[in-house]
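Reader: I would like to go through the labels used for this structure and see what each one rests on. Please set the values against the cut-offs.

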Amino acid sequence: MLGRAQESQDESGHLDAGIAIARTTRASSAGWSDAHLVLVNTGAALSLWERDGRRWRSRRLARGEVSILPAPRSAVRWQGAQGLVAITATPAALRRLAVDAGRAGGLAPVRRTRDPILLGLARVFLLGEEESGDDGGYGAALGRAMALHLVRRYGAAAATPRADLDPVIRRALDYVEANLSRSLRLADLARVAVLSPYHFARRFKAALGVTPHEWVMQRRVARAAHLLEGTPGPSLAHVAVLVGFADQSHFTRQFRRHVGTTPRRFLAARVARARDAEATA
């Protein structure tokens, strides 16, 4: 299971309950939980397995990659982790931070991405442990910093631009959010930003750490997951159209790539949770 976690503290010294950061062991696991789980891989590529019904589905997490598994989530296990840092946060803890950040408290599912900020903070955490035998006192501050970054970038309203974001990139993000149901080519976004496609792509990645195409895919999948969580929600075919996928198979492939399961299984899990909640009410 996850190693000892550090609870984050606010400036007044009180525990910001619900946020934790830990170095994981080489072979470890996290069971089903109603807490968000974020894995930051600072070491060599490793193997991950995610529970999908009765089956375990495997995938790789390369050096420098981040995987975001929003709550409620199924069980996950990994092997070969030498520099894997796990951040866990309850929905309530993120909602508290979200109020201050002007964001929604939920997280968008992201199966694999690169995030220089999370990677840098994870490395600082590990360095503190190596130098002092524990986290060097950084755990509380780093846990809160990571959680706040997650809310700002991957929250349900993550596409709302930060105040300090490059205005050129902000225009492109606004355009993406307003046009997720349409085809969004690099040339279209570059035109909105009034830049050549080459210069826009470089500037975009420097600002957000991912390519414009990957950002669009993340936002399409996040919007789809939000729609599927609705009660009652639209059909899978309708969701695919609403978020801009050309066909059902493309939607399914991208959803599985980012979330780790198919839209149909994701929807079935939501229905099952709703039934369980009604049964226990």
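**Helix 6 and its surroundings**

Author: Helix 6 has 12 residues, and the distance from its first C-alpha to its last is 16 Å, close to the 16 Å expected at 1.5 Å a residue. The model is a predicted one.

Reader: Which residues of helix 6 are buried, and what puts them on the same side?

Author: Phe200, Phe204 and Leu208 are the buried residues of helix 6. They cover an arc of only 35 degrees around the axis, and therefore lie on the same side of the helix. An α-helix has 3.6 residues a turn, so residues three or four places apart point the same way. The other side of helix 6 has Tyr198, Arg202 and Ala206, which are exposed.

Reader: What do the buried residues of helix 6 pack against, and what follows the helix?

Author: They pack against helix 3 (139–154), helix 4, helix 5 and helix 7. Glycine 209 follows helix 6, with a positive phi near 85 degrees.

Reader: Which residues touch the most other members of the largest nonpolar core?

Author: Phe200, Phe204, Leu208 and Phe255 do, in a core of 30 residues. Helix 4, helix 5, helix 6, helix 7, helix 8 (236–242) and helix 9 (248–259) each give two or more residues to this core. Helix 7 gives the most, with 7 residues. There is also a second, separate core of 27 residues, which includes Val40, Leu107, Leu142 and Ala147.

Reader: What caps the N-terminal end of helix 4, and which of its residues are buried?

Author: Aspartate 166 is the cap: one of its side-chain oxygens lies 2.9 Å from the backbone nitrogen of valine 168. That distance is within the 3.5 Å cut-off for a polar contact. The buried residues of helix 4 are Val168, Ile169, Ala172, Leu173, Val176 and Glu177. They pack against helix 5, helix 6 and helix 7 (212–228).

Reader: Why is valine 194 called exposed?

Author: Its relative accessible area is 64%. Exposed means over 50%, so valine 194 qualifies. The residue is found in the loop between helix 5 (186–193) and helix 6 (197–208).

Reader: Why does glutamate 65 count as buried?

Author: Its relative accessibility is 8%. Buried means under 20%, so glutamate 65 falls in that class. Glutamate 65 lies in strand 7, residues 65–69.

Reader: Which polar partners does the side chain of glutamate 65 have?

Author: A polar atom of this side chain lies 2.9 Å from the backbone nitrogen of alanine 62. A polar contact of 2.9 Å also joins the side chains of glutamate 65 and arginine 112. Leaving out residues up to four places away in sequence, glutamate 65 touches Leu39, Val40, Asn41, Arg60, Arg112, Thr113 and Arg114.

Reader: How many helices and strands does the protein chain have, and what share of its residues count as buried?

Author: The chain has 10 helices and 10 strands. Of its 281 residues, 48% count as buried.

Key
Residues numbered from 1 in each chain as written. Predicted model: local features only at pLDDT ≥ 70, side-chain atom pairs only at ≥ 80, totals over all residues. Heavy atoms only, no water. Helix = DSSP H or I, 4+ residues; strand = E, 2+ residues; numbered from the N terminus. Buried < 20%, exposed > 50% of the residue type's maximum accessible area, 1.4 Å probe, protein only. Contact = heavy atoms within 4.5 Å. Polar contact = N/O pair within 3.5 Å; in protein donor to acceptor, adjacent residues only side chain to side chain. Expected span 1.5 Å × (residues − 1). Arc of directions from axis to C-beta. Core = buried A, V, L, I, M, F, W, Y, C linked by side-chain atoms within 4.5 Å.
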